[in-house]
Amino acid sequence: MTDLRIRNAAPDEAEAVLAFWKEAAEGTSITDDVDGVTRLIDRDPEALILAERDGVLVGSVIAGYDGWRCSLYRLAVLPSHRRRGISTTLLAAAEKRFAAVGGRRGDAMVLEANEQAHRAWTSAGYVREDHWRRWVKPFA
């Protein structure tokens with residue numbers, strides 16, 4: 001996969017990332033706006049990892065580290081580029097980042113109804129933990 005470029009997102013790419021997620025990612029979040037993406041990149045410039053092929057954004061993953069947990073969000077690949085190893089390459093980049101900061105376990109947020117994502121995470125070595133549930137409270 002020599003023509004795949006893995007890199008961190010820049011703050012001025014927030015709109016492009018949001019457009020990419022509309023096409024490639026499942027579900028939405030209250031932080032899906034330019035301010036939310038820009039704040040993520042400003043706070044942790046290494047968190048939003050992008051994959052490009054021939055100058056086209058084809059994949060993303062958020063590899064957030066808060067000093068305690070390694071959290072994975074928004075693993076997404078353009079539908080036209082799936083099953084080509086892009087998510088595997090993105091996860092390898094995220095896991096390398098986590099290892100460099102001393103992370104010990106990656107936790108992925110995966111939509112319950114997204115069976116395709118379940119298969120992708122399973123094939124990457126991640127295991128579903130049914131004894132945990134996510135509890136949320138929007139602040140806005």
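Two strands are taken to pair if DSSP finds at least two bridges between them, and strands (E, at least two residues) and helices (H or I, at least four) are DSSP runs numbered from the N terminus. The model is predicted, so to speak of local features a pLDDT of at least 70 is needed, side-chain atom pairs count only at pLDDT 80 or more, and totals for chains, interfaces and linings use all residues. Residues are numbered from 1 along each chain as its sequence is written, and side-chain values use heavy atoms, with hydrogens and water left out.

Five strands build an open sheet of mixed pairing, in the order β1-β2-β3-β4-β5. At its edges stand β1 (4–8) and β5 (106–108), each with a single partner strand, so one side of each has no neighbour in the sheet. Neighbouring strands are turned by 25° against each other on average, direction ignored (axes are lines fitted to C-alpha atoms, for helices over the stretch in contact, with angles from 0 to 180 degrees between N-to-C directions). Strands β1 and β2 (residues 48–53) run antiparallel and are joined by five bridges; Asn 8 stands opposite Ile 49 in β2. Helix α1 (residues 14–24) packs on this sheet, touching β2, β3 (56–65) and β4 (70–77), and its direction makes about 100° with that of β3; contact here means heavy atoms within 4.5 Å.

Turning to charged pairs, the model holds 11 salt bridges (a side-chain nitrogen of Lys or Arg within 4 Å of a carboxyl oxygen of Asp or Glu). One of them links Arg 74 and Asp 32, with the closest N and O atoms 2.9 Å apart. Arg 74 belongs to β4 and Asp 32 to the loop between α1 and α2 (34–43), so this pair ties together parts 42 residues apart in sequence.
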